[in-house]
Amino acid sequence: MAFFTGGLFWFIEGVLACLAVVAIKIWTQDRGIAMPWWKWLLTALWFCLAGFTLAMIGTSLGEGEPRAAVMGGVVFGVVTVVTGVAFWRVLGFSRAQPKTNDHA
Amino acid sequence: MSLKLIIVLLIPLVLIAAWVAGARRMQTRLEPHLIQVVPGTVELKPLGDGSFAAQADERVVGYARVDQANGYGGPMRIAVGIDTTGTIAGVTIVDHKETEAYFRKVLSGNGPGSFVGRHVSDPIEPGVDVDAVTGATQSNLALVTGVRQGARTLGTNQLGFDVPAADPVRFRFGWAEIVLLMLFVTGFAGTYTQVPGKKPLRWISQIAALVLIGFVYAIPITLTHINSLLVGYLPDWRTQFYWYLLIIGVLLPVLLTGKRPYCGYVCPFGAVQDCLGAVGGRRKKIPEVIQRWLGWFHAVLVFAAIFVALYTRNPGLTSYEVQGSLFDLTGLLYQFVVLGVVLVLSLFIARPWCRFLCPINGVTRYIKTARSSWRNRAK
Amino acid sequence: MPTDDAKQQVSRRQFLKFSGAAGAALGVGSMGLFGYQAGKDPSSYTGWKSFEGGDQTFDRARFETNSPTYEKVGDTSRIDARTEVVFSRMGYIFRSYKDETGIEGLPQHVQAYYKAHPEDLELDLYLVRELYALQREDDKKHGDAFILAQAWSDAMAAVQPPRISEPPEVADFPKTKGDRYHRGDPDSPYKMKSPQNTSKLIKKIAHQLGGTLVGIATLNPDWVYRYPTRGRGLDTDKPLEVPKHWQSAIVVGTPMSWDPMYANPNYGTSDDAYSIARIIGFRLAAFIRKLGYAARPHTPGFSYDVAVPPIMVDAGLGEQGRHGVVITPELGCNIRPTVVTTNLPLQPDKPIDFGVQSFCSTCKVCAEQCPSGAIPKGGKTVVRGYRRWQVHAAKCHNFWSSNLGNMGCRICVAVCPYTRKANWLHKTALQVTANDPTGVSHAALTKMQKLFYPGPNPPDYYIPSLGGKNASYREPPWWLRTEDFVEL
């Protein structure tokens, strides 16, 4: 059964993406991190990159090109991790700020 | 005498033994190669100048010889055969000392078969009538030069062709040498003097090295250089001045003073790790015990790599660095995987490659240890 | 002390936070599974899944150009198919070459050709004198391993349309008598409403007949052979005058089965696609004749009066690449075409330019992988008045004639970066290259192609007698692994 290439899969992906947005919003609020639009954009782009890397590895394996999977994994995997760490620090996710209690 | 000193003294002795053993087992039979390069050969008749007449039924069907040219890792021997009209009939590579991944690159451009059909009076020059293989220039040049030399010698001596004379060897000193020299000067200044603004100076030097020595010229020092030096394959200083600059610039300071300006200022792969370290903050500490074990692993790895190179007389064979995979995207699969792991690790810990894997660091660390334990021998 | 309400809200926030984080991880992680299924998806085997035209998906209109991507420079001339087509030349060698007389025994025009191309004579004779024998010997020793590939190929080739035995003035027109399947009225053809309309119909019919890609061009007389080949109902000693009723050329292409194609040179076959293309050609011609118009199929492997690649370019199916094969957006170069020349009034398509000339000028994967050295690594040359890359046909022919399996090669087709199945990854790469005028992505994707999809060392493709290892670009699919099904 080709569930993962079907329409239902993308519907579920959409639901999960919404959940992720809510979670990021709450998490950043809890830590007191401001989220202007460009931080949202970078975060979204990074998730796309991570998804691309995994999908690229998967597709190469499915096609019977294991070398492409390994090489693609190394090339895009390193880019994903490095940009992930860079964003994490640049966007200020690593710094915990004093909790504001305004939601209580 | 301390245990340390004993080990320090033992290492060169073992390596010398490997060198001698390696020298004894180096005897390649040339006949199969010579027969192969002139199709139809039954018998070889030596002609005195190192060439052979290839005969079948008492009839000369062509000529063959083996010539040598200097590659990246050492000499490359090439058998060339021509037919009686002066057309190259076959080429085989008798042996070579090049790094595997790079040599494959050369062969995909200029396979031995690609020379067949050319005439001894053709230029046979990379970029002119044969491929200039970018990223493996020196290996390619050796192959093409070997073929040209062989073909021309046969053409002139046996068939009386008037082939173009070889260009005289000229001293080569270009931008790569100038850049390297300037980086070393910066490195020495930063290491040995109290210049102000050392930190920005080091960053500038490293980034220049990353771009130029790493990506543009793609010729940082590798274990191949050290191995060649130890085996005794010294390239022509006029065409390979860079080679000497690099080796002297790396080894001399550590021999004399125990310091390593190359690592901090000139090494492009060090620069990559430092840049990633700046991105990731590299705040993780490795526990002492693991550090000690990794240190031993490093020492054994480098020792084994040099040992095998000396025994097989093949400097390029054990050059396991992964920087080539980054700077000119050449390497075997495992090298790319190791590269990926090293790049990710260097976000979190300081210079993982240098500390636990780099063969150059292994060699310089040995020199440092040897210096200090020799000084302290009395104690 | 927080109130109950606040407590509840905090725990609700906690719940959302954790389920969201889990959702994000699951969402990103399942992209890997998506990729795996997309990679295995049978619907990515373009041309082997649908007969409704659903595979001709590239938006050609955006890449249309008024000048085809080959360049006309100076005077042009037509192909002399008696000598410039390597198969015809080999025919003369087989029939009338004797060692005692040398080329003197050959007809005048063949002698003239060989005098002008001594290298071709050497290569053609080398094939006859040595290569065939070596191939036979190796085939005895190693050939059984490829018997399933041969069985598949022969099965596909088993059904053959008839050969054309009459000249175009007779053969192309509908008959008023005889076999009902060829009957029609050449004197009063049905009046079609408009050429545009007819083109739309013909393309639909071509797709319904199993054609993956179809395009229509006004026939440029330069593509018609100057002298015809044998077996076409034409006198090979008389120059071929382009018949008046060859006005338009409909070109229909189908791919070779994908997995065997990647396992070239030993496991692939041209005959799977050839036979489908042949049948489409004859069926399409019958369709047109029923309407009272003239139609002549030109079908693979040897039955042509026209050079097909430039017609494919004119019809907007693709662009000719470094290896001489036309690269199409949907199939890459995994395409085997058939042409029908006709006087049915048709609206021609426009050629397209989707960046192939730029890509091929730097890629060179095919030239590097080709063991015979037939594909040029350098620039274009002028061939019969057109500037393009020219493949050395005799070198190519000698290599593929020496192979085992189905005796062929097709390595350049398999290694071409454009020859990719239709999944999201390769479709995206195609769109990037097609829409990039700078060529930056071309260099980057070429680099990736070489890093991610390397082939064997080129000399290993040869048979053992010639120093090779019978290497294939990729492993064969399970259904062609003889050793798993046959006691050897």
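This is a predicted model: local features need pLDDT of at least 70, side-chain atom pairs count only at pLDDT 80 or more; totals for chains, interfaces and linings use all residues.
Local features require pLDDT of at least 70 and side-chain atom pairs pLDDT 80 or more, whereas totals for chains, interfaces and linings use all residues. Residues are numbered from 1 along each chain as its sequence is written, and chains are lettered from A and ligands numbered from 1 in the order in which they are written.

**Exercise 1.** Determine how helix α1 of chain B packs against helix α11 of chain B, and classify the residues of the contact.

Solution. Helices are DSSP runs of H or I with at least four residues, and strands are runs of E with at least two, numbered from the N terminus. Axes are lines fitted to C-alpha atoms, for helices over the stretch in contact, and angles between N-to-C directions run from 0 to 180 degrees.
- Step 1: α1(B), residues 3–24, and α11(B), residues 288–312, have axes 6 Å apart at an angle of about 30°.
- Step 2: α1(B) is therefore roughly parallel to α11(B), given that angles under 35 degrees count as roughly parallel, over 145 as roughly antiparallel, 65 to 115 as roughly perpendicular and the rest as oblique.
- Step 3: Residues are in contact if their C-beta atoms, placed from the backbone, lie within 7 Å. Among those making the contact are Ile11(B) and Trp19(B) of α1(B), and Phe303(B) and Tyr311(B) of α11(B).
- Step 4: The contact of α1(B) with α11(B) comprises eleven nonpolar, two polar and no charged residues. Here Ala, Val, Leu, Ile, Met, Phe, Trp, Tyr, Cys and Pro count as nonpolar, Asp, Glu, Lys and Arg as charged, and the others, Gly among them, as polar.

**Exercise 2.** Describe the largest nonpolar core.

Solution. A nonpolar core is a set of buried Ala, Val, Leu, Ile, Met, Phe, Trp, Tyr and Cys residues joined through C-beta atoms within 7 Å. A residue is buried with 20 or more other C-beta atoms within 10 Å of its own, exposed with 12 or fewer, and partly exposed in between.
- Step 1: The largest core has 97 residues, and those with the most contacts inside it include Ile250(C) and Val306(C).
- Step 2: Helix α9 of chain C, residues 271–290, contributes the largest share, nine residues.
- Step 3: Leaving aside residues up to four places away in sequence, Val306(C) touches residues including Trp223(C), Ile311(C) and Val339(C).
- Step 4: A second, separate core of 68 residues includes Val70(A) and Ile213(B).

**Exercise 3.** Identify which element of chain C gives the most to the side that touches chain A.

Solution. 
- Step 1: 32 residues of chain C are in contact with 32 residues of chain A.
- Step 2: α1(C), residues 4–40, and α16(C), residues 440–452, are the elements giving two or more residues to this side of chain C.
- Step 3: α1(C) gives the most, with 24 residues.
- Step 4: The side of chain C that touches chain A divides into 16 nonpolar, eleven polar and five charged residues.

How values were computed
Two residues are in contact if their C-beta atoms, placed from the backbone, lie within 7 Å.
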